[in-house]
Amino acid sequence: MKILGTITILLCGGLLIFFTSDFPDFGDPKSPASIHLSPYFIEHTLEDTAVPNIVTSVLADYRSYDTMFETTVILTAGLACFLLLRIPTKEVTRRYYLHEPTGVTLRFDGDRYPKGSNVFKRIDSNWVPYDIIINFTCRLLIHFIQIFALYVVAHGHYSPGGGFQGGVVIGASIILFAISSNLRASIKRLGEKAAAIFTATGVFIYAGTGALCMVIGEHFLNYSFLAPLLGTDRIMARSHGIFIVEIGVAVAVMAVMIWIYYNLSSAGKQDEGL
Amino acid sequence: MDIVSLIAAKANYWTYVILLMVGLYAMVAKNNLVKKIVGMVIFQTAVILFYVSIGYKKGGTLPIIMHGHDHGHGVESVIKAADYINPLPHVLMLTAIVVGVATLGVALALAIKVYQEYGTLEEDEIRKQIELKG
């Protein structure tokens, strides 16, 4: 298999490198990808949508159907992880507790674990003592990461950024919290149910904005029909519409990243994990 | 065309072809399922880099209209497409990266399921177990 694979790969790679001679040169302004559609986007984004960042205006306005279904794909991926892996926590019976005054670890099977005791602390089966430096640094960093993520979402019209990037950064901050403390502490703050609802809410905000445009005007996802609701002219309405949609994307992406992490890191038990 | 300008014009494609082949080799020849998934991610990254490099124009800046903050009123000069790199590949790859992460999650979930079922991630051992069962 290895020899056959190597021969196939070398053949494929050789053919691909041979045919790169037909490709446009690197940085050629006249390459086919840059002369048909993209000049329109570059020259008309300000008069059509009042958004200087062309990537944002193409993402959420000119190609908004594409982005809507990308969000749906992400929702589907989160659901697939959930359906593949999730096991009810009731089946987990073996738990480990640390007796804090003495430092002894005890194992409890079944229901006989100390409920509501303040000398016993629940720990994972592969528990190691937490490093105070990591804990403290992460606790300091997470706020700034989240503020920065909100800036990335809100400032996506004028600088590099937008819903996808900001959502991923918020999700990463919560995953960082889950890694630096533990999975249960993270689930207590943002549970699985909340993550699932947030994911669906994000997709709903996106599709709902489109549907609202269709109810008021006549085109799905044509934000200029939102102008009477937002109290602005039709071009600024498209700018605001893009912002609403980006918030939906950010919420969906954030929740899906957290949801997938919860399920993967604990193999679906969501009881103990990384 | 001399050799230096040829390398300067096509070196980006050659890099991505090499990356693409590394990923493809891992997917075809490796025995471990997680290594196959890593190969898939390398393959995906090569495609993403390829798209982003297509969008580059010599002398172009990043695709944000300069002085566009006051909603176009301050821009008296005409916006020329040659001054800005092509935004379209960036848009496509922006969504592809996030969807790639989500599908990577699904792939890893499947790998966890396979491990729970067979107790191994090596492909030949899994195949042996399936043959024994059937």
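**Ground rules.** I worked on a predicted model, in which local features need pLDDT of at least 70, side-chain atom pairs count only at pLDDT 80 or more, and totals for chains, interfaces and linings use all residues. Residues are numbered from 1 along each chain as its sequence is written, chains are lettered from A and ligands numbered from 1 in the order in which they are written, and side-chain values use heavy atoms, with hydrogens and water left out.

**Aromatic pairs.** I searched the whole structure and noted twelve aromatic pairs over all chains. Rings of Phe, Tyr and Trp (its six-membered ring) pair if their centres lie within 6.5 Å; planes under 30 degrees apart are stacked, over 60 edge-to-face, and the rest tilted.

I looked at Phe26(A) and Tyr56(B), which form a stacked pair with 5.2 Å from centre to centre and 25 degrees between the planes. This pair crosses between chains: Phe26(A) sits in the loop between α1 (2-19) and α2 (38-49) of chain A, and Tyr56(B) in the loop between α2 (33-54) and α3 (87-118) of chain B. Helices (H or I, at least four residues) and strands (E, at least two) are DSSP runs, numbered from the N terminus. Buried or exposed? I use buried for under 20% relative accessible area, exposed for over 50% and partly exposed for in between, with a 1.4 Å probe and protein chains only. Phe26(A) is partly exposed, because its relative accessibility is 29%. Tyr56(B) has 32%, so it is partly exposed too.

Next I took Phe41(A) and Tyr62(A), a tilted pair at 4.7 Å centre to centre and 35 degrees between the planes. The pair links distant parts of the chain, 21 residues apart, with Phe41(A) in helix α2 of chain A and Tyr62(A) in helix α3 (residues 54-62) of chain A. Phe41(A) is at 7% relative accessibility and therefore buried, whereas Tyr62(A), at 24%, is partly exposed.

I also noted one aromatic cluster made of Phe23(A), Tyr13(B), Phe50(B) and Tyr51(B).

**The sheet.** In which order do the three strands of the open sheet lie? I read β2-β1-β3 in chain A, with antiparallel pairing. Two strands pair if DSSP finds at least two bridges between them. The edge strands, each pairing on one side only, are β2 (104-108) and β3 (120-123) of chain A.

Strand β1 (residues 95-99) of chain A is joined to β2(A) by five bridges. One bridge partner I looked up is Val104(A) in β2(A), for His99(A). β1(A) and β2(A) form a hairpin with four residues between them, and Gly103(A) in the turn has a positive phi of about 80 degrees. On the other pairing, β1(A) and β3(A) share four bridges in the antiparallel sense. There, Leu98(A) stands opposite Lys121(A) in β3(A).

**Spaces.** I then looked for a cavity, a set of points on a 1 Å grid over the protein atoms alone where a 1.4 Å probe fits but cannot get out; a pocket is an open set with protein on both sides within 12 Å along at least five of seven lines, and lining residues have an atom within 4 Å of a point. Grid points are joined across faces, edges and corners, and a volume is the space filled by probe spheres set on the points.

The largest pocket has a volume of about 270 Å³. It is lined by 15 residues, and the closest to its centre are Val128(A), Tyr130(A), Ile179(A), Ser181(A) and Leu274(A). Helices α5 (132-154) and α6 (163-180) of chain A each supply at least two residues of this lining.

I found one cavity of 30 Å³ or more. The largest cavity holds about 50 Å³ of space. Its lining includes Phe26(A) and Tyr56(B), and also Tyr13(B).

**Single residues.** Asn263(A) is in helix α10 (residues 234-265) of chain A. Its relative accessible area is 0%, so Asn263(A) is buried. Leaving out residues up to four places away in sequence, Asn263(A) touches (heavy atoms within 4.5 Å) several residues, including Cys81(A), Phe82(A), Glu192(A) and Gln270(A).
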